[in-house]
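Take a look at the structure below.

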Amino acid sequence: MNILVTGGAGYIGSHTCVALLNEGHSVIIADNFVNSNQSVINNITKITKKPIKFYNVDVTNETLINNIFRENKIDGVIHFAGLKAVGESIEKPISYYFNNIVSTILIAKMCQMYNVNRIVFSSSATVYGNNSSPFTESMKLLPTTNPYGETKVICERILLDVVKINPRLSVSILRYFNPIGAHESGLIGESPNTIPNNIMPFITQVAKRLREKLYIFGNDYPTKDGTGIRDYIHVMDLAEGHVASLNNTPVGYHIYNLGTGIGTSVLELVKTFEETNKIKIPYEIVGRRPGDIALCYADVTKAQVELGWTAKCDLTTMCRDAWRFEKNQSLINY
Ligand code: NAD
Ligand code: UFG
């Protein structure tokens, strides 16, 4: 298949491009590098030794997106492009609503105009709000605490309505849990353009002594050691989940959790990182981060049964691969 990957230069998008190319699909990336750079595209090519077509475009620009659909025979779209920093979304709600929602509307519109019948959408476990884990796809969604989360709820809803008027369309809503790790080559990984919001890039920057210590946001949650519990998933497993979804999602509207189903606390994650990589991670316990919940992990049965997909990598592999990428960083970009 010829797949348009919006946000394909980003963290999850780049790993998914590798998985797609390795499966024999062709890839067209549309990205404006707001949170990535050209070296990622070069490194995808280095890993796969396959050509990529790349458009440096803002996917909220209708004329430019239309050009991509006009110039290419597209079989499916994976829509990753979006802004994703929860804290920033509270400060810049208009940017978040505009970027994430307008881009999704345009992708749906172009797919309708050009008879493209497969859409895979990057959603998030954040849409479950403060439901009780494990989260199942059929749960009633609860309010999220920030505009970022709301954009995911709204985009899911838009795509549901779009499916209702097109009996040939297949939409996969993939609700990601916490992707960490990197491709085993160490050439691509999570490399935020600003101070990391997510825990793993923060840990790897502390390991590299770019930062003095990790701040752990709260140890008074009702969990086994008081720190937050998340469902960490290797980003290559997540990437494979997209390939499975493209291949196996039937027509209609389908939601899948992509996680491992295993909950890990912040302290357990730090300990596994230290033991795997033989590096001490200094940390300080500070107050809770507003909006965080105690427990967030997936029920992954539906993706296993319907997509034939299951995450394979353990936490040790995730920590090893994340550190390999961070160590390589200065060598990669310059
Ligand atoms: P990322 O920031 O690394 O990748 C997003 C990519 O989209 C970047 O390369 C960025 O430059 C590009 N982009 C953003 N706005 C754009 C626009 N208007 N036009 C063109 N390109 C644009 O993020 P990621 O971690 O790879 O996340 C990908 C998707 O998955 C996002 O939609 C995110 O909300 C969602 N998601 C991520 C996580 C996570 O923990 N990383 C969890 C749940 C959901
Ligand atoms: N944490 C720290 N210190 C840090 C960063 C995080 O202690 O510097 C803790 C958090 O409190 C939480 C855990 O580490 O308990 C994971 O935090 P992340 O910021 O890495 O991830 P979140 O679970 O908060 O959110 C992520 C994505 C969201 C997505 C959500 C889906 O950032 O976009 O997973 O579950 F919606």
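**Around the ligand**

An oxygen atom of ligand 1 sits 3.2 Å from a polar backbone atom of Gly10. That is a polar contact, meaning a pair of N or O atoms within 3.5 Å; within protein, one must be able to donate a hydrogen and the other to accept it, and residues adjacent in sequence count only if both atoms are side-chain atoms. This is a predicted model, in which local features need pLDDT of at least 70 and side-chain atom pairs count only at pLDDT 80 or more, while totals for chains, interfaces and linings use all residues. Residues are numbered from 1 along each chain as its sequence is written, chains are lettered from A and ligands numbered from 1 in the order in which they are written, and side-chain values use heavy atoms, with hydrogens and water left out.

Phe80 also uses its backbone: an N or O atom there lies 2.8 Å from an oxygen atom of ligand 1. Asn99 uses its side chain instead. One of its polar atoms is 2.8 Å from a nitrogen atom of the ligand. How much of ligand 1 does the protein bury? Taken alone, the ligand exposes 820 Å², and the protein buries 96% of that. Such areas come from the Shrake-Rupley method with a 1.4 Å probe; for residues, only the protein chains shown count as cover.

The elements that give two or more residues to the shell are α1 (11-22), β5 (118-124) and α6 (147-164). Helices (H or I, at least four residues) and strands (E, at least two) are DSSP runs, numbered from the N terminus. The largest share, three residues, comes from β5. There are 27 residues around ligand 1, and Asp31, Asn35, Ser36, Lys84 and Tyr148 come nearest. A residue is near a molecule or strand if one of its heavy atoms lies within 4 Å of it. By type, the shell has 13 nonpolar, ten polar and four charged residues. Here Ala, Val, Leu, Ile, Met, Phe, Trp, Tyr, Cys and Pro count as nonpolar, Asp, Glu, Lys and Arg as charged, and the others, Gly among them, as polar.

Now follow β5. Six of its seven residues are buried, that is, under 20% relative accessible area; exposed means over 50%, and partly exposed lies in between (1.4 Å probe, protein chains only). β5 pairs with β4 (residues 76-79) in the parallel sense over three bridges. Two strands pair if DSSP finds at least two bridges between them. His79 stands opposite Phe121 in β5. Seven bridges join β5 to β6 (residues 170-176), and these strands also run parallel. There, Ser123 has Arg175 in β6 as its bridge partner.

The loop between β5 and α6 holds Pro134. A cis peptide bond joins Ser133 to Pro134, with omega about 0 degrees.

A second sheet topic is next. Three strands form an open sheet in the order β12-β9-β14, with mixed pairing. β12 (264-265) and β14 (295-296) stand at the edges, each with a single partner strand, so one side of each lacks a neighbour in the sheet. β9 (residues 229-230) and β14 are parallel, over two bridges. Arg230 has Cys296 in β14 as its bridge partner.

Lys49 has a positive phi of about 55 degrees although it is not a glycine. Lys49 lies in the loop between α2 (38-48) and β3 (53-56). Lys49 is exposed, with a relative accessible area of 72%.
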